[in-house]
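Here's a quick briefing on a protein model, with a look at its helices and strands. Have the viewer open as you go.

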Amino acid sequence: MMHKFLRSIGFSALQNDRETEFYLDRAIHEKYRTAFVAGESGRVVEQYQLPVAPSMGITVVGHRDMDGAFVRDYYFPYMHSYEGTRTEEAGIERHTERETYAGIMEDFSSGITLIFYLCNSLEAGQLKKMGVKIQPKRAFLTGMATEGKVLLPIEKQEEDEEHFKQRKREQKRLFDAARAGDEDAIETLTETDMNLMSEINRRIEEEDLYTLVESSFMPTGVECDQYAILGEIISLRVKSNVYTHENVLDLKVQCNDAIFHVCMNEKDLLGVPAIGRRFKGNVWMQGEMEFLEENK
C-alpha cells in the first residue's frame with residue numbers, strides 16, 4: 001500500500017503503487033545504501049535512502065533472496081532533524097508486525113508521553129542483538145503533515161512571556177514531584193486543572209477557542225504516533241523535490257516547550273506561513289535516537 005505521507009515530501013501526484021515503484025527502485029539502483037546489518041536467521045538486512053530534497057527522502061529496507069535479488073520489506077518517507085532534544089526517560093518498543101521500533105519519551109516537553117516512529121530502527125535492533133543495553137541520549141524529532149492551516153498569533157506582552165515561563169517551570173516541578181508520588185503535588189495539579197477548566201468555561205462564551213489556547217499537543221486517532229498540534233512557527237524554509245519540483249515546507253514549530261520540525265507539501269497548507277504565526281494540523285511523529293551504548 002502506498003505510504004500516505006509521501007505527499008508530505010513532494011509526491012502529491014502519485015496515484016498508485018506502480019508509480020511509487022520507480023522511486024523505490026531508484027533508491028536501490030543508485031546505491032544510496034545507509035545500513036547493512038545481520039537480521040534474523042542469518043539474513044542480511046539492507047537499507048537504502050533516496051534523497052529528494054535537503055534532509056528528506058524515502059527509506060527502503062529489505063533483504064536478498066537466494067539468488068541475490070533484493071526483496072523489499074517496507075519503506076517510509078523520512079525527514080532528518082539536526083536539532084536534538086536531550087532525554088533521560090526514554091526507551092524503545094518493537095512493533096508487532098515487523099522488526100521496526102517506536103521511540104518513547106516519558107520526559108517530553110509537552111507534558112505527555114511521546115510515541116514516535118523510530119527511523120533508525122535497524123541500528124536499535126542491531127544493538128539489541130549484540131546484547132548492548134540501549135540508553136537513549138538524544139532524540140531528533142520531526143513531524144509529517146498532509147494538511148494544515150495557519151492561524152494568527154495571540155497578542156502578548158513581555159511580562160506575559162516571563163510569567164508563562166515561570167509558570168511552566170513551576171508546573172514541571174509539580175509534574176516531577178507528582179510522578180514521584182508526592183500527594184501535595186498531585187492535589188495542587190488537580191486543583192489547578194479545575195480552576196483552569198472553570199476559567200475556560202467562563203471565557204469561551206465570549207472569546208474564540210484559539211485566543212484561549214496558544215499551543216497544544218494531543219494524541220489523535222487510532223495510530224499511537226499521530227498527534228494534533230498547534231504551535232508557533234519560529235522559522236521556515238521552502239525546499240523543492242528534485243523529481244517532482246513540488247515545494248515542500250520545513251516549519252520549525254514550538255508547541256508549549258517542545259521544538260521540532262514539521263514538513264508538508266506547500267499546496268496542502270491553508271494560509272500563508274510566517275514567523276510568529278501558528279501552525280495547526282495533524283502530524284505523524286518520527287525521529288532518530290542517539291544511543292549511549294553500555295555492555296550488559
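This is a predicted model: local features need pLDDT of at least 70, side-chain atom pairs count only at pLDDT 80 or more; totals for chains, interfaces and linings use all residues.

Residues are numbered from 1 along each chain as its sequence is written, and side-chain values use heavy atoms, with hydrogens and water left out. Helices (H or I, at least four residues) and strands (E, at least two) are DSSP runs, numbered from the N terminus.

**Helix α1**
- Helix α1 takes in residues 17-29 and reaches 18 Å from first C-alpha to last, close to the 18 Å expected (1.5 Å times one less than the number of residues).
- Thr20, Tyr23, Leu24, Ala27 and Ile28 are buried in α1 (under 20% relative accessible area, 1.4 Å probe, protein chains only; exposed is over 50%).
- Those residues sit on the same side of α1 because they cover an arc of only 145 degrees around the axis (taken from the directions from the helix axis to the C-beta atoms).
- On the other side, Arg18 and His29 are exposed.

**Strands and hairpins**
- β2 (44-53) and β3 (56-64) run antiparallel, joined by eight bridges (strands pair if DSSP finds at least two bridges between them); Tyr48 has Val60 as its bridge partner.
- Two residues lie between β2 and β3 in their hairpin, where Ser55 takes a positive phi near 70 degrees.
- Nine bridges pair β3 with β4, also antiparallel.
- In the five-residue turn between β3 and β4, Gly68 has a positive phi of about 85 degrees.
- Eight of the nine residues of β3 are buried.
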